[in-house]
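I opened this model to look up its core, one of its helices and its charged pairs. My entries follow in the order of looking.

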Amino acid sequence: MNIENAQVQMRKGILEFCIMHIISRGEVYASDMLDELTSAKIMVVEGTLYPLLTRLKNSGLLDYKWVESSSGPPRKYYILTDTGKQFLEEMQKTWVELSDSVHTIVLKTQDLGTQNEQQPTNS
């Protein structure tokens with residue numbers, strides 16, 4: 001199995017959640033989302049972001065508005081709908097539960113590894 005592919009799949013699994021969190025802070029432009037996701041090491045390209053934004057809009061979770069720009073064409077700023085805010089709230093609860101569960105499993109594995117290192121070997 002390719003580790004890079006596994007890492008990409010893990011990141012994709014939480015991309016929608018992260019995007020909705022970014023938008024929940026207020027009106028946001030797509031390139032600002034890309035910048036934040038990239039700086040958080042959740043690599044994403046425009047070809048991934050825009051279809052996801054369209055799907056979220058079509059699902060009624062977000063909306064957008066056009067804002068005139070002094071330096072070029074109007075810009076599309078995304079905002080969460082009331083339905084999107086409720087959806088994100090439920091996703092947040094799921095994230096906390098899932099994160100706690102994974103953390104518990106990882107800690108147990110690390111604890112077992114530490115115990116195995118401390119046990120004397122039978123020679």
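**Entry 1**

I began with the contacts of L53 (contact: heavy atoms within 4.5 Å), skipping residues up to four places away in sequence, and found I19, I23, A30, M33, L62 and Y78. The model is predicted, so local features need pLDDT of at least 70 and side-chain atom pairs count only at pLDDT 80 or more, while totals for chains, interfaces and linings use all residues. Residues are numbered from 1 along each chain as its sequence is written, and side-chain values use heavy atoms, with hydrogens and water left out.

I then looked up the largest nonpolar core, which has 24 residues; I19, I23, M33, L37 and L53 touch the most other members. Such a core is a set of buried Ala, Val, Leu, Ile, Met, Phe, Trp, Tyr and Cys residues joined through side-chain atoms within 4.5 Å. Buried means under 20% relative accessible area, exposed over 50%, and partly exposed in between (1.4 Å probe, protein chains only). At least two residues each come from α1 (3-24), α2 (30-39), α3 (46-58), β3 (72-80) and α4 (82-118). Helices (H or I, at least four residues) and strands (E, at least two) are DSSP runs, numbered from the N terminus. α1 gives the largest share, seven residues.

**Entry 2: helix α3**

Which residues of α3 are buried? I noted L49, L52, L53 and L56. They lie on the same side of α3 because they cover an arc of only 105 degrees around the axis, taken from the directions from the helix axis to the C-beta atoms. The buried residues of α3 pack against α1, α2, β2 (62-69) and β3. The face turned away from the buried side carries the exposed residues G47 and N58. After α3 comes G60, with a positive phi near 85 degrees.

**Entry 3: salt bridges**

I searched the whole structure and got five salt bridges, each a side-chain nitrogen of Lys or Arg within 4 Å of a carboxyl oxygen of Asp or Glu.

R55 pairs with E16, the closest N and O atoms being 3.1 Å apart. This pair links distant parts of the chain, R55 in helix α3 and E16 in helix α1, 39 residues apart. Is E16 buried or exposed? E16 counts as buried because its relative accessibility is 18%. R55 is partly exposed, at 45%. Besides R55, the contacts of E16 include L52, L56, F87 and M91.

R25 pairs with E36 at 2.8 Å between the closest N and O atoms.
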